[in-house]
Amino acid sequence: MFSSPWIRKPDFQNVKEIDYNDYWQFRGWKLNSGLKPREKIMLDIIPTKSKIADIGCGNSLLPLKLKEKNCMVSVADISKTVLDQYRELGINSFEINLEKIDSIKLPDQFDYLILSEVLEHTRNPEQIIKALKPCTKYFLITVPNSASYQFRYGLMFGGRFFTQWIYHPSEHLRYWSHIDFLDWLSALGLEVVFAPVSDGFTFRGLLPWLPNLWKNLLGFRMVYHCKVLQS
């Protein structure tokens, strides 16, 4: 049987509650040692000297790499632990709670807002995008593609709905296929400049171009480079 951390028998008896405000305090915060494939794509997309805010940054190395690229970088998170750690690394940081739309107030205008693996964890992603649109020219967004081949295989042959969570089922509240997400972005007034695959089926790297031909089936994750359209 095909094995994947996202296709498994959930351990429902040991489901744990999760509070993102305390998550890093208990887990222990440690900066990632390298860039993930999606972050390498973002680093290439963003021009030198751009003004960026990485929202829901967690422990990503990307803000530091962008700073090395002479970009003006800020990070935003709900966790005080995360914000304090980035301040010690010389990165400007500010608190943001995406569950409280009325409280979303960015301190400046930005060329790019990054929302990497964030929106699927929220109950109100439409309102989040609408609240953030006036503050940026472009978004860089990633979400899992729920129509990807491994999820289809697991449901068809294993009878298991994909488990895009670790501690509690409520970690992932929203699910999109690649096709759905393109329509969703368009409905919110975002034009997709391009959407390269960052993680997908490549025959173990032998055919890196393959998932870009069939993104909805073979792309596990895309980087959506979105331009904010003027209303």
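Student: What is the accessible surface of the protein, and what share belongs to carbon and sulfur atoms?

Tutor: The accessible surface comes to about 12200 Å², and carbon and sulfur atoms hold 53% of that area. The areas come from the Shrake-Rupley method with a 1.4 Å probe, and for residues only the protein chains shown count as cover. This is a predicted model, in which local features need pLDDT of at least 70 and side-chain atom pairs count only at pLDDT 80 or more, while totals for chains, interfaces and linings use all residues. Residues are numbered from 1 along each chain as its sequence is written, and side-chain values use heavy atoms, with hydrogens and water left out.

Student: Why does the radius of gyration agree with a compact globule?

Tutor: The rule is 2.2 Å times the number of residues to the power 0.38, with the radius taken over C-alpha atoms. For 231 residues a compact globule would have a value near 17 Å, and the protein has 18 Å, so the two agree. The C-alpha trace spans about 50 × 40 × 35 Å along its principal axes.

Student: Why is lysine 49 called exposed?

Tutor: Exposed means over 50% relative accessible area, buried under 20%, and partly exposed in between (1.4 Å probe, protein chains only). Lysine 49 has 61% relative accessibility, so it counts as exposed. Lysine 49 lies in the loop between α2 (37-45) and β1 (51-55), and its phi is near 70°, a positive value in a residue other than glycine. Helices (H or I, at least four residues) and strands (E, at least two) are DSSP runs, numbered from the N terminus.

Student: What makes phenylalanine 203 partly exposed?

Tutor: Its relative accessibility is 44%, so phenylalanine 203 counts as partly exposed. Phenylalanine 203 is placed in the loop between β7 (197-200) and α8 (215-218). Phi of phenylalanine 203 is also positive, near 55°.

Student: How do you know that aspartate 54 has no salt bridge?

Tutor: A salt bridge needs a side-chain nitrogen of Lys or Arg within 4 Å of a carboxyl oxygen of Asp or Glu. For aspartate 54, the nearest side chain of opposite charge is arginine 38, 8.9 Å away. Lys and Arg count as positive, Asp and Glu as negative; His and the chain ends are not counted. Aspartate 54 is buried and sits in strand β1.

Student: Which residues is aspartate 54 in contact with, leaving aside neighbours within four places in sequence?

Tutor: Contact means heavy atoms within 4.5 Å. The partners of aspartate 54 are Ser60, Leu62, Pro63, Ser74, Val75, Ala76 and Ile114.
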